[in-house]
Structures are given as C-alpha cells and as structure tokens.
Amino acid sequence: MLTKLEGPIVRINPNELHIDDPEYYDELYVGSSRRTMKYEWAMKGFGPTISSFATEGHELHRTRRGALAPYFSKASVYQLEPTVQSVVNKLVSRLEAIRGSGTVINVIDVFTALTADIIGEYAFALPYDFIDNPDFAPHWYRVMMDFAETFHIFKQFGWMEPLVRKIPQGIVKIISPQLGALSTVGDMAKERIARVKAELAEGKKPDEKTIFYDMLTNDQLRPEDKTSERLEAEGISVLAAGSVTTAHMLSLLTFLIVDNTEILTRLQKELHTVMPRPDSQPKWNQLEQLPYLTAIIQEGLRWGYGVTHRLQRISPDVALQYDGWTIPPGIPVSMTSILMHDNQSLFPNPRLFSPERWLQPDSAQLRKYLVTFSKGSRQCLGMNLAYCELYLTLAAIFAPGRFSFEMFETDISDVEIAHDFFIPCERMDSKGIRVLVK
Ligand code: HEM
C-alpha cells in the first residue's frame, strides 16, 4: 500500500524523521540548553568522524570546536583581513592580465582557487597559489566535488571508505588524479603539522599562525586529539568546508549580478560611495554598512542554499515535541535549507533573485529563516570568514570602472542546483559558469 508522503513531519527512512516547518528550525537546531549530537551514520560519509565537523558527541565536539573557534571569531577575521585582501588583490591582477584577451574563464574554478588559497594562507600558512595557475587550477573544484559526491556512497556503505584509504597513494594518483591531488594537499598539511610539532619540541614559537599550532597548544584538547592524523583530518575538513561552499556563492552571485543590468548598476552606484577609484580598497566593516550589497549577499545566501543536504540532529537526553508528536531521545531529526529558503509564504516567488526582499520595512524578521550556515552549537564555524570573503571579493570585482563581464554560453541551468551532494551541484553536463573579462 502506498503511503501519502505529505505533511510537515515525515519518517524518511527506518531511522530518521524530517520536518518541513520553518517555525521549528530554532527549536531543533538551537534548542535551549539541551545536549545535541550529530548522526554518526551520515557523518561517516566524509570518512573518519574525528574532525569537529563530523564529531558525533556533544561534549567532545564542544572541546574540539573550542580549539578552533577563536581562530574564526569575528575579531580574528578582522585581524586577518589583510591576508584575505592580499589574495583578492592577486585575483584582481590575474583578471587585469586576462582583460580584453578573449580568454573564457570559468568562475567556479576561479573562486575555488581563491577560497582555497585564502584558507591555505589564513589557517595553515600554506601558499597553495592556485590563483597563479594559468587556468585557475580547475582540478581543485573537481577534487572537491568528487569528494562531496562520494558522501552518499560512503554514508550507505561505511566499510568502503576505510578500504579506499588503504590503497597506496601512488596507485590512487594513477587511478584518479583528482583523489591524488587531494592526497597531495593532505601531504602538505602533514608536512606543516610535522614542522609545527618539531618547532614546539624545540621550544620555538612558529613564525606563522596556524590552526595546527592553536590545537597543539590547547590545554583542553586530550592528547589523542593532538595526533597528526586528527590534525590532518581537521585541516582537510576546514579546507573542504571553507573553499567550495564560498566559491559556489561567489559564482552564482557573479552570474545573477552580471545577468541583471539593473542590479549591477545599482550595486556599482552604491559601491562608488566607498570606492571613488576602481582600485580603492574599502575595509570589510565599511562594506558591511552598504545596504544594497548586503541585500545582494543575503539574497545569494538564500537563493544558493549553502548546504543542501538535510542536517540531522539528535537530542540524546530529552524528548522533542513537535505538532502533537513526541519524538523520543536518540532519534535523528533533520530539516533542509532548500525547503526553508523556497518556502512560498516567507519568500514569495522563491526562485526569483530579488535583493529587494531584504530591503523591506519588515525584512529584519526574515533573517530568522535564512539558514545557509545552519544554527546552534553545530552552525558553520567559518561564517565570519565566508562573509569577509564575499564582501571583499564582490567589491573588488564589481568596483565601478574596473571590469565589465560578459557571460559566455552560460544560462541559469548552469547555476541552478541539479544534485544534492551535501553541497549543491549544478547539472553534470554543465561546462561551468563562464565569462569574458572586458
Ligand atoms: C558560504 C560559505 C559557507 C556555507 C554556506 C557554510 C555552511 C555550513 C553549514 C550549513 C554547516 C553545518 C553543517 C552540518 O550541520 O553538518 C557548516 C559547518 C562548518 N563550516 Fe561552513 N560554510 C561556509 C563557509 C565556511 C568557511 C569559509 C569555513 C572555514 C573555515 C567553514 C568551516 C566550517 C566548519 C569547520 C564547520 C563545522 C562546524 C562544527 O560542526 O562545529 N565554512 N558550514
């Protein structure tokens, strides 16, 4: 007999419940003071559950996240803003060199190179220099998407991932150059971790700040949380979580702005107030004051969803109450940003990109339903860095009088989500979001 799958609460598999009700988001994700766990079954889709992102338990997650959190606070991002700006400046120089040459660039590659370089400099003191690559290191986006795509397979068949990891790296590099590239990045992290450990053993303070130094010198972390294997997992997770996500937002925003002359003109008029010259470099806190740029970013974060997979949370001790149902402790319950952000009553005509919806007298109330970075104890750790990157990059590339972009054989179907690989993925046969720089 067929069951009608309708209504706000659905048992989507033998073990999980899913809720589609924007009013319940804060209750599920923020709760009050109750403990919250992640769902280990899903998290193993990304490999061993030893990074903060994938940690199942409430207390262990709190200490692991605590060791990273100061690094990504708003104050830290303000302090490290010059690092972000210097990578953005490198991007501008590359675009200046390309301008007028007729070269077609794929902005998803460009922005993945940009965000990976920023994380490399910011968190690991590792100069990846993907931006300097003639084609903006296109393999890097593929690496990240292949990694994301395997999430569904490893989630279902948990025995597979450890088996794949046992394959010698030399062979992996031959079978899959993309996975090989990921292991090269892992090797770079390993080398940096070894160097920081050696410096600490000699009683030296490293010249550059890295998350590895912060973790190794954190008294709250247990010795087993300071192993090279865990530090490397934390590094890879920060790199993966922080590169393709922001790159995806920058790419879709580039398309949606270039595709709409009215939005572009209004944005540039506003930017002119803080960028009287094309090479002016306003600070992030100046840009945050600009209402239209802010509305564009908010609308991009809504329209692009951020993370598209349902995000499970477990209340281990207390039963949850929803709509007359009692959900016993221990049951994974999830909600999905797509359903939140495409909710017709909150965001009428949801697939229309309309920054104006964030500039209405009652728009402040809508903020509550913007869940791109999720909420609560497991919300995105890097959201301040992501905002800083979004503001500085959009201002730099759309600075009045600097560049003019023309889309090349690209339409909305190259930008809209076609697959959920935890993060959104465009249609598989898309050639990317391609532009000419003029
Ligand atoms: C627009 C860009 C970004 C989006 C949409 C985004 C979204 C998210 C979301 C929804 C989560 C929660 C995932 C879950 O519940 O399983 C998350 C977690 C996380 N994000 Fe981001 N993120 C972005 C950028 C970044 C950046 C730049 C970093 C850089 C460091 C980062 C690092 C992390 C980490 C470490 C976690 C795990 C936090 C924890 O579990 O304690 N993210 N992100």
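## Exercises on a predicted model

C380 lies in the loop that runs between α16 (337–341) and α17 (383–397). The model is a predicted one.

**Exercise 1.** Determine which protein atom is the donor to the iron atom of the ligand, and how far away it lies.

*Solution.* 
Step 1. A donor here is an N, O or S atom within 2.8 Å of the metal.
Step 2. The protein supplies a single donor, SG of C380, at 2.3 Å.

**Exercise 2.** Work out the strand order of the open sheet of 4 strands, and name its edge strands.

*Solution.* 
Step 1. Read the order across the sheet: β1-β2-β7-β4. The pairing is mixed.
Step 2. Find the strands that pair on one side only. These are β1 (9–13) and β4 (311–313), the edge strands.
Step 3. On average, neighbouring strands are turned by 35° against each other, with direction ignored.

**Exercise 3.** Follow β2 to its two neighbours, and state for each whether the pairing is parallel or antiparallel.

*Solution.* 
Step 1. Take β1 and β2 (residues 16–19). Their pairing is antiparallel, over 4 bridges.
Step 2. V10 has H18 of β2 as its bridge partner, and I9 faces I19 in β2.
Step 3. Turn to β7 (residues 333–335). It runs parallel to β2, joined by 2 bridges. Here H18 stands opposite S334.
Step 4. Collect the partners of H18: V10 and S334 in β7.

**Exercise 4.** Decide whether the side chains on the two faces of β2 are buried or exposed.

*Solution.* 
Step 1. Recall the rule: side chains in a regular strand alternate between the two sheet faces.
Step 2. Sort the residues of β2. E16 and H18 are on one side, L17 and I19 on the other.
Step 3. Apply the cut-off: buried means under 20% relative accessible area. These four residues are all buried, so both faces of β2 are covered.

**Exercise 5.** Identify the residues of the nonpolar surface patch, and classify L163 as buried or exposed.

*Solution.* 
Step 1. The patch consists of I153, F157, W159 and L163 and spans about 440 Å².
Step 2. Locate L163: it sits in helix α8 (residues 160–166).
Step 3. Exposed means over 50%. L163 has 52% relative accessibility, so it counts as exposed.

Key
Residues numbered from 1 in each chain as written. Predicted model: local features only at pLDDT ≥ 70, side-chain atom pairs only at ≥ 80, totals over all residues. Heavy atoms only, no water. Patch = residues over 30% accessible without salt bridge, like charges linked within 9 Å, V, L, I, M, F, W, Y side chains within 5 Å. Areas by Shrake-Rupley, 256 points an atom, 1.4 Å probe, with all protein chains shown as cover. Salt bridge = Lys/Arg side-chain N within 4 Å of Asp/Glu carboxyl O. Buried < 20%, exposed > 50% of the residue type's maximum accessible area, 1.4 Å probe, protein only. Pairing = 2+ DSSP bridges. Axes fitted to C-alpha atoms, helices over the stretch in contact; angles between N-to-C directions. Donors = N, O, S within 2.8 Å, 3.2 Å for Na, K, Ca; no water.
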